[in-house]
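Biologist: Hey, I'm new to this one. Can you walk me through it?

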Amino acid sequence: MRILLVEDDFNLGTSLKSSLTAASYSVDWVQTCLAAQTVIGEVDFDLVILDIGLPDASGLTLLATLRNHAVSETLVPVLIVTAFDSLRDRVAGLDAGADDYLVKPFMLDELLARVRALVRRKSGAPSSVVQHGRLRLDLGLRKALVDGLEIDLSVREFAVLELLVLRAGRPVSKDQIQRSLESMESNITANAIEVYVHRVRKKLEPFGINVKTLRGLGYYLDKSVAK
């Protein structure tokens with residue numbers, strides 16, 4: 001899953017990016033409203049973490065842009081993270097289209113829990129554990145298990161599997177996987193995507209779970225799998 005972090009405080013931004021990356025998210029970090037608008041026009045994000053007090057404009061301006069130009073099918077969840085803690089500020093942020101509002105200072109575990117909740121809400125998953133036949137994906141612990149046996153997956157492999165499971169029954173293109181995985185400072189090639197998918201496929205096949213290829217469309221997990 002790919003997250004856009006919009007935070008002008010260098011120390012906090014560095015810490016959040018490091019923590020989110022350690023939690024297996026791909027993170028693009030920008031420090032101004034203008035930079036955020038630029039990257040949003042180039043990349044599809046699964047979530048935006050947005051500060052309101054940005055140096056060049058209010059984060060609410062960026063939020064309004066996101067909501068005014070989006071359609072319901074592509075509405076990206078937005079988590080406001082800010083020091084503005086009055087009721088009036090909260091109401092303004094939520095009324096502007098934010099999905100959640102977290103006041104600084106906060107505990108990292110709470111931020112990660114809210115991120116997981118928003119990602120689940122977007123995908124339609126009711127909890128942090130997603131079941132796909134015998135496959136059980138724990139989004140909080142970042143673990144994949146079949147019949148209670150943990151599958152050894154790298155961070156990138158888990159991210160690929162997560163994308164396939166959350167979109168089970170629908171094709172996931174190489175471009176979607178690439179955009180989900182790569183961050184601004186790391187370039188992931190189409191060949192690398194094929195390698196990650198191949199590894200995930202090989203690790204699932206012994207359990208009768210198949211990652212199928214749709215020529216010209218990408219990959220998918222069949223939604224009708226044996227329980």
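Predicted model: local features only at pLDDT ≥ 70, side-chain atom pairs only at ≥ 80, totals over all residues.

Biologist: Where do arginine 167 and aspartate 46 lie?

Modeller: Arginine 167 is in the loop between H6 and helix H7 (174-181), while aspartate 46 is in the loop between helix H2 (33-40) and strand E3 (47-50). So the pair ties together parts that are 121 residues apart in sequence. Aspartate 46 is buried, with a relative accessible area of 7%, whereas arginine 167 is partly exposed at 22%.

Biologist: OK, switching to sheets. What's the strand order in the open sheet of four strands?

Modeller: The order is E6-E7-E8-E9, with antiparallel pairing. E6 (129-132) and E9 (149-150) each have a single partner strand, so one side of each is left without a neighbour in the sheet.

Biologist: How many bridges join E7 to E8?

Modeller: Four bridges join E7 (residues 135-138) to E8 (residues 143-146). Leucine 135, for instance, stands opposite valine 146 in E8.

Biologist: Which strands does helix H6 touch?

Modeller: Helix H6 (residues 155-166) packs on the sheet and touches E6, E7 and E8. The direction of H6 makes about 110 degrees with that of E7.

Biologist: Which salt bridge do arginine 134 and aspartate 147 make, and how many residues apart are they?

Modeller: Their side chains meet at 2.6 Å, N to O. Arginine 134 sits in the loop between E6 and E7 and aspartate 147 in the loop between E8 and E9, 13 residues apart. Arginine 134 is partly exposed at 31%, and aspartate 147 counts as exposed at 58%.

Biologist: Last one: what's the nearest side chain of opposite charge to aspartate 138?

Modeller: That's arginine 136, 5.9 Å away. Aspartate 138, in strand E7, is buried yet has no salt bridge. Among the residues aspartate 138 touches are Ser128, Val129 and Phe158.

Methods
Residues numbered from 1 in each chain as written. Heavy atoms only, no water. Pairing = 2+ DSSP bridges. Helix = DSSP H or I, 4+ residues; strand = E, 2+ residues; numbered from the N terminus. Contact = heavy atoms within 4.5 Å. Axes fitted to C-alpha atoms, helices over the stretch in contact; angles between N-to-C directions. Buried < 20%, exposed > 50% of the residue type's maximum accessible area, 1.4 Å probe, protein only. Lys, Arg positive; Asp, Glu negative; His and termini not counted. Salt bridge = Lys/Arg side-chain N within 4 Å of Asp/Glu carboxyl O. Lists of a residue's contacts leave out its neighbours within four places in sequence.
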